[in-house]
Amino acid sequence: PALAPCDIVVFGGTGDLTVRKLLPALYQRYRDGQLPEGTRVIACSRAGLDDAGYRDKIRGELPRFVPNAELDQASAEAFIEGLEHVSLDVQDDHSWAGLTAKLPPVAGREHGNDRVRVFYLACAPSLFGPISAGLEGHGLINARSRVVLEKPIGRDLASALAINDAVGAVFDESQIFRIDHYLGKESVQNLLVTRFANAVLEPLWNGRAIDHVQITVAEAIGVGARAGYYDTSGALRDMVQNHLLQLLCLVAMEPPTQVDRDSVRDEKLKVLKALRPITAADAAEVTATGQYATYAEECERPDSTTETFVALKVEIENWRWAGVPFYLRTGKCLDARTSEIVIQFRPVPHPMFPDAEGTTEPNRLVITLQPDEGMQLHLIAKEPGPGGIRLRPVSLDLNYAATFSSRTPEAYERLLMDVVRGNPTLFMRRDEVEAAWAWTEPILAAWEEAGRQPETYPAGTSGPTAATTLIERDGRTWHTRS
Ligand code: BG6
């Protein structure tokens, strides 16, 4: 059936996220004719702009964030001409009149059901509660309303609970879409397919065959204009609590019975609950932090101890993964933008070629998420030659771009369409967010207690030596791209 027309109201309408990600993603879906006919996009912000002023602003910005080849002038202009802007200070009750003038209040939640209303909160999380209350107070919520919450949902468990309570007082959990944009990435969804649409991996996907797992999300960029936010966050809150834990869940979870709104999320939750707590006693050994050399200067806080890099050794206490460490690392200003998941298998049980020359090493399955999606299976082969046996590492290499010619959509395109369709499978359920915080918070507390200082690392390198020590202590090494 055709999708119902939609009113998409974006709070934080002039913000970085809206301009760089949301509007370009909406434009892509609009150009392809996927947005329901008659969809409106109403941006709200405190910038005193009228519709025309906002359109001019976006006219200047859109070409910066949509690749040239994907920007069609006529459709871009039609998209921009459809944008609306409301000047709104959510804390000021009177200023809601601007929004209610554009979006008619409904007589009750069971009314006004013809159009879907999406309230996208791309603003500070401290406003999630007040905005929800404002929407309710001004009669803007109809039976087909959804609210989208951007990260971070809080900065610890207590603040996450408070936000979830405040939004939950107005919206039913089934109406709340908490975004973790990593779940919208093609490569991350493909992880599910790789694991569960292929039979060969599952028998090996456990501690009997796997020695350990590495998850790396390395960024080449620094904090840039986001220093104000980032300095109150750090890599553990900004990346691990959400994106890296989600990747870990997808690697570690049991096969869900189906891909529906609860089956996948139930399985992820079980993984989060099985994570072994990191205590103050073991934090020094299983966590490592770093800060790139120019960071403090960039954020204008010379004594900042915010970590821009973190590495962790994580254990999952269940049958499948007992004794299999998951090493996680993420950081900014590193030597390259690379995200990958490395499944390191155990060595062969008995050396069959003790006299062979060359190298032998255990098999590795490397799933590359960024920048180029792909998968390599590292094996050992015999080098051709008439003499004895000479062993050499080789790899089976799958490159998605070379295999599929279609364009890879941005994560937000997929996720925004899921909101429009009302499918929450790829969004974080309340209990997931809270379980992730419950596990993360003691690490923050342990660092605080120990007065942890991140190790300085030069920009453009692979990060602090403490991360190398963390894994080498176990007789293992970080995977480096060949
Ligand atoms: C965001 C973080 O959630 O993810 C940023 O707040 C980070 O600090 C970004 O740069 C990384 O996303 P991507 O899609 O570029 O890997």
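Guide: Begin with a term: contact means heavy atoms within 4.5 Å. The model here is predicted. With that cut-off, what covers the buried residues of helix 7 includes helix 9, helix 14 and helix 13 (400–403), along with strand 11 (338–345), strand 13 (364–370) and strand 14 (374–382).

Visitor: How many of the residues of helix 7 are buried?

Guide: Buried means under 20% relative accessible area. In helix 7, residues 186–196, eight of the 11 residues are buried, and the helix is mostly covered. Among them are Ser187, Val188, Gln189 and Asn190; Leu191, Leu192, Thr194 and Arg195 are also on the list of buried residues.

Visitor: Which feature does UniProt place at His243?

Guide: The unreviewed UniProt entry places the feature "active site" there, at His243. Such annotations may be inferred rather than shown by experiment.

Visitor: Which residues does the domain annotation cover?

Guide: In the unreviewed UniProt entry, "domain: Glucose-6-phosphate dehydrogenase NAD-binding" covers residues 9–190. That span is 40% helix and 15% strand, and its end C-alpha atoms lie 30 Å apart.

Visitor: Now compare two other positions. Is aspartate 418 buried or exposed?

Guide: Aspartate 418 is in helix 14, residues 411–421. It counts as buried because its relative accessibility is 2%. Beyond neighbours within four places in sequence, aspartate 418 is in contact with Phe177, Asn423, Leu426 and Phe427.

Visitor: And where does arginine 46 lie?

Guide: Arginine 46 is in the loop between strand 2 (40–45) and helix 2 (51–65). With 68% relative accessibility, arginine 46 counts as exposed. Its contacts, leaving aside neighbours within four places in sequence, are Leu88 and Asp89. For a sense of distance, take alanine 209: arginine 46 and alanine 209 are 163 residues apart in sequence and 56 Å apart in space, C-alpha to C-alpha.

Visitor: How do I read the packing of two helices? At what angle do helix 9 and helix 10 pack?

Guide: Look at the angle and the distance between the axes, then at the residues that meet. Helix 9 (residues 235–252) and helix 10 pack at about 110°, with axes 9 Å apart. Angles of 65 to 115 degrees count as roughly perpendicular, and helix 9 and helix 10 are therefore roughly perpendicular to each other. Leu245, Gln246, Leu248, Cys249, Leu250 and Ala252 in helix 9 meet Lys268, Val271 and Leu272 in helix 10. By class, this contact has seven nonpolar, one polar and one charged residues.

Visitor: At what angle does helix 10 pack with helix 15?

Guide: Helix 10 (residues 263–274) packs with helix 15 (residues 430–450) at an angle of about 15°, and their axes are 9 Å apart. That makes helix 10 roughly parallel to helix 15. The crossing of these two helices is left-handed.

Visitor: Which residues in helix 10 and helix 15 meet?

Guide: Arg265, Lys268, Leu269 and Leu272 in helix 10 meet Asp431, Glu432, Ala435 and Ala436 in helix 15. The residues of this contact divide into four nonpolar, no polar and four charged.

Notes
Residues numbered from 1 in each chain as written. Predicted model: local features only at pLDDT ≥ 70, side-chain atom pairs only at ≥ 80, totals over all residues. Heavy atoms only, no water. Axes fitted to C-alpha atoms, helices over the stretch in contact; angles between N-to-C directions. Helix = DSSP H or I, 4+ residues; strand = E, 2+ residues; numbered from the N terminus. Parallel < 35°, antiparallel > 145°, perpendicular 65-115°, else oblique. Left-handed = near helix turned anticlockwise from the far one by under 90°. Nonpolar A, V, L, I, M, F, W, Y, C, P; charged D, E, K, R; others polar. Buried < 20%, exposed > 50% of the residue type's maximum accessible area, 1.4 Å probe, protein only.
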